Amino acid sequence: MACRFEVLLHPGQPPQGPEIACKALDIVSYLEQLWSVYLPTSEFSIINARAHEIPVQVSTSTLLLLQKAIQIWKETSGAFDITAAKLTKIWGFHRRQGVMPSEQDIQKSLLEVGSQNVELDESTSTVRFTKRVELNSGGIGKGVAIDEATTILDQAGIENYAIHGGKSSIRCRGAQKVTQPESGWSIAVRHPERSEVMLGTLRLFNQALGTSGPANQFFYFRGKRYGHIIDPRTGWPCDGMLSITILHPQAGWADALATGLFVMGVDNAIAYCQKNPDTSMLAILPGKRDGQVEVITCNMRPDQWIVAPH
């Protein structure tokens, strides 16, 4: 999943905490072997190679991930799409080397995108493509892996923990300070393009967090900046927001919604959160002056977003 995963625990709580944390991280390593499209033996690689010809039997973990991805695809009207891998490739972002594709290449690639072409059979635990598409777990895999890892921590009775993947996907339980159980876990929020600038602090209360934004993956073509978050409905990179952070009870949902709601734009993202009270949003938009930003929140508790003093 191309990032570092960590489990944060309170010292000695419980005494076997490090051993349990290692078991949780083993789950992440196991899922990496299932979902990485860079491993030819992974289930995702086998699905991509064969599912347009025959149903491919998959593990329960893979089936559940795909069920969740298709549900979020429907809820975001296609703004999140696990089959958008072809678009990422023609824009060069899969190798972190952005290139400008032709309109013809974009339209051709769009013919190979669409979760409506993915058929799941729960009774046989198989995946079949009705039309050739290509899966990539990049927008949801980290979060779902974190969710599965937290089951190990929860079953062990650990009451206070945080687990993250690359610091952009996080799930927390309990509190960062045992003496202040009502304070949750504090997450620093920095300027998406100026990491030295602290914008504020988010507090997570038994929640997960997913962040999406093009600050670290982009290129310029003829003076225009193109980021790596692509609208799978049009084939073109999105702009408008610098980043969006989604809070949700599950990390998989937070991850995928961060991508989907970024694509949908801030107004539609607000409308989605207003209809879904378990989903909260913090969007960072360009300000009126260079270097300035505007922060918009929705469904946040009054004590959940603390603006940094200036």
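How do the residues of the lining of the second largest pocket divide into nonpolar, polar and charged?

**Before you start**

This is a predicted model, in which local features need pLDDT of at least 70 and side-chain atom pairs count only at pLDDT 80 or more, while totals for chains, interfaces and linings use all residues. Residues are numbered from 1 along each chain as its sequence is written, and side-chain values use heavy atoms, with hydrogens and water left out.

**Stop 1: the second largest pocket**

Select Pro214, Arg225, Cys238, Asp239 and Gly240. Of the 16 lining residues of the second largest pocket, these are the closest to its centre. The pocket holds about 290 Å³ of space. A pocket here is found on a 1 Å grid over the protein atoms alone: it is an open set of points where a 1.4 Å probe fits, with protein on both sides within 12 Å along at least five of seven lines, and lining residues have an atom within 4 Å of a point. Grid points are joined across faces, edges and corners, and the volume is the space filled by probe spheres set on the points.

β11 supplies the largest share of the lining, four residues. Strands (E, at least two residues) and helices (H or I, at least four) are DSSP runs, numbered from the N terminus. Back to the opening question: the lining has ten nonpolar, two polar and four charged residues. Ala, Val, Leu, Ile, Met, Phe, Trp, Tyr, Cys and Pro count as nonpolar, Asp, Glu, Lys and Arg as charged, and the others, Gly among them, as polar.

**Stop 2: helix α3**

Select residues 60-75. This is α3, with 16 residues; at 1.5 Å a residue they should span 22 Å, and the end C-alpha atoms are 23 Å apart, which agrees. The expected span is 1.5 Å times one less than the number of residues.

Colour the buried residues of α3, among them Leu63, Leu66, Ile70 and Trp73. Buried means under 20% relative accessible area, exposed over 50%, and partly exposed in between (1.4 Å probe, protein chains only). What covers the buried residues of α3 includes α1 (17-35), α2 (43-50), α6 (141-155) and α7 (251-264). Strands β3 (118-121) and β4 (126-129) are also part of that cover. Then step to Ser77, which follows α3 and has a positive phi, near 55°.

**Stop 3: the nonpolar cores**

Select Ile47, Ile140, Ile244, Leu261 and Met281. They have the most contacts inside the largest nonpolar core, which has 64 residues. Helix α7 gives the most to this core, with ten residues. Apart from it lies another core, of 16 residues, including Leu209, Leu242, Ile284 and Trp305. A nonpolar core is a set of buried Ala, Val, Leu, Ile, Met, Phe, Trp, Tyr and Cys residues joined through side-chain atoms within 4.5 Å.

Centre on Met281. Leaving aside neighbours within four places in sequence, its contacts include Ile244, Val266, Ile270, Cys273, Ile296 and Met300. Contact means heavy atoms within 4.5 Å.

**Stop 4**

Ser243 lies in strand β12 (residues 243-248). At 8% relative accessibility, Ser243 counts as buried. Beyond four places in sequence, Ser243 is in contact with Pro192, Ser212, Gly213, Phe262, Leu282, Ala283 and Ile284.

Leu87 sits in helix α4 (residues 85-90). Leu87 is buried, with a relative accessible area of 0%. Not counting residues up to four places away in sequence, Leu87 touches Ile106, Leu110, Val113 and Ile230, among others.

Ala308 is in the segment after β15. Ala308 is buried too, with a relative accessible area of 11%. Leaving aside neighbours within four places in sequence, Ala308 is in contact with Met198, Leu199 and Gly200.

**Stop 5**

Most residues other than glycine have a negative phi, and most peptide bonds are trans. Look at Gln13 and Pro14: a cis peptide bond joins them, with omega about -5°. Pro14 is in the loop between β1 (5-9) and α1.

Next, Asn206, in the loop between β8 (194-204) and β9 (208-212). Its phi is positive, near 50°. Is Asn206 buried or exposed? Asn206 counts as exposed, at 51% relative accessibility.

Finish at Asn299, in the loop between β14 (293-298) and β15 (305-307). Phi of Asn299 is also positive, near 65°. Asn299 is partly exposed, with a relative accessible area of 33%.
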